Amino acid sequence: MSDYVLSCCSTADLTEEHFLRRGISYVGFHYELGGVRYLDDLGKTMDFPTFYQAMADGARTKTSPVSVDEFETYFEKILYRGKDILHVCLSSGLSDVMSAAMEARNRLMGRYPERQIFIVDSLGASSGYGLLMDQLADLRDEGYSLGELYEWAMANRKKLNHWFFSTDLTYYVRGGRISRAAGSIGNALDICPLLNMDYAGHLVPRYKIRTKKRVIRAIVDQMESCARAHTAYDGKCYLSHSNCFEDARTVADLVEERFPHLNGSVEIYDVGTTIGSHTGPGTVALFFWGQERMY
């Protein structure tokens with residue numbers, strides 16, 4: 001058994017069963033729906049179809065990261081057990097949660113000088129961040145020390161590729177990621193933007209593609225172009241979706257057809273309530289190991 005705990009935030013968008021099976025601890029963000037505040041607890045309090053239907057019906061959403069005090073309490077429970085910590089945060093390009101985790105670490109180091117807390121900015125989100133956590137769990141199980149795992153995460157986090165598309169631009173406009181004029185034109189012309197995560201962990205629109213059918217093929221084309229070894233890619237592939245499972249399944253089928261050497265089938269997860277508060281329903285995201293993000 002390792003002498004440290006591998007940890008992340010709920011925004012890694014895996015299931016609780018997955019976290020438990022892989023021995024990954026997590027701490028929850030918060031979201032508001034229709035003025036009521038909830039813990040992002042991986043869909044236990046509110047299931048994802050109910051959440052996304054409320055958004056579609058007009059309910060407003062807000063999110064808040066894990067606070068310094070919450071991190072301090074969460075970390076201290078682990079330190080008290082005599083364990084060190086490697087905590088991986090949601091991308092600093094999307095949230096200021098990294099600074100809260102660092103502040104909590106600084107508070108605790110004075111009280112637990114014999115322990116170590118390493119904090120990593122994932123530069124990722126949703127189940128792409130989750131795929132990074134899964135790989136770190138593999139390396140931990142292979143015997144990596146805390147320091148070795150930290151160094152690996154820092155050296156390889158930009159090799160986790162994130163590609164997204166959305167069939168509804170309403171929420172991207174509301175969040176300021178797409179201009180109101182571009183969103184109106186896009187919805188009117190049935191444009192589905194193809195976005196990815198850049199080197200600094202920001203979500204960036206890359207291509208404007210008309211029709212869902214074409215963007216589904218385009219996202220798989222990007223995987224062929226960017227994946228390690230291209231169509232000979234033999235790593236894991238994760239997908240997440242916000243209440244559009246059929247679209248995600250279509251993408252997964254195309255990936256499995258084009259990449260016959262995948263490590264298992266494509267794994268499909270829900271975009272959780274924190275990330276989903278900003279994407280809204282209709283987003284599909286594809287994650288795989290490949291070229292390092294340089295821009």
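**Note on the predicted model**

1. Tyr295 is exposed, because its relative accessible area is 63% (buried means under 20%, exposed over 50%, and partly exposed in between, with a 1.4 Å probe and protein chains only). The residue is found in the segment after β13 (283-289); helices (H or I, at least four residues) and strands (E, at least two) are DSSP runs, numbered from the N terminus.

2. On the basis of the note: this is a predicted model, in which local features need pLDDT of at least 70 and side-chain atom pairs count only at pLDDT 80 or more, while totals for chains, interfaces and linings use all residues. Residues are numbered from 1 along each chain as its sequence is written, and side-chain values use heavy atoms, with hydrogens and water left out.

3. Together with Tyr199 and Met294, Tyr295 forms a nonpolar patch on the surface, with about 420 Å² of accessible area in total. Patches are made of residues with over 30% relative accessible area and no salt bridge; like charges are joined within 9 Å, and nonpolar side chains (Val, Leu, Ile, Met, Phe, Trp, Tyr) within 5 Å. Accessible areas come from the Shrake-Rupley method with a 1.4 Å probe, and for residues only the protein chains shown count as cover.

4. The structure holds 18 salt bridges, each being a side-chain nitrogen of Lys or Arg within 4 Å of a carboxyl oxygen of Asp or Glu. Side chains of opposite charge can pair when their charged atoms come close.

5. Which helices does the bridge between Glu224 and Arg258 link? In this bridge the closest N and O atoms are 2.9 Å apart. The pair connects helix α9 (residues 212-226), which holds Glu224, to helix α10 (residues 245-258), which holds Arg258, across 34 residues. Glu224 counts as partly exposed, at 31% relative accessibility.

6. Salt bridges that share partners join Arg22, Asp134, Asp138, Arg140, Asp141 and Lys236 into one network. Within it, the side chains of Arg140 and Asp141 meet at 2.9 Å, N to O. Arg140 is buried, with a relative accessible area of 13%.
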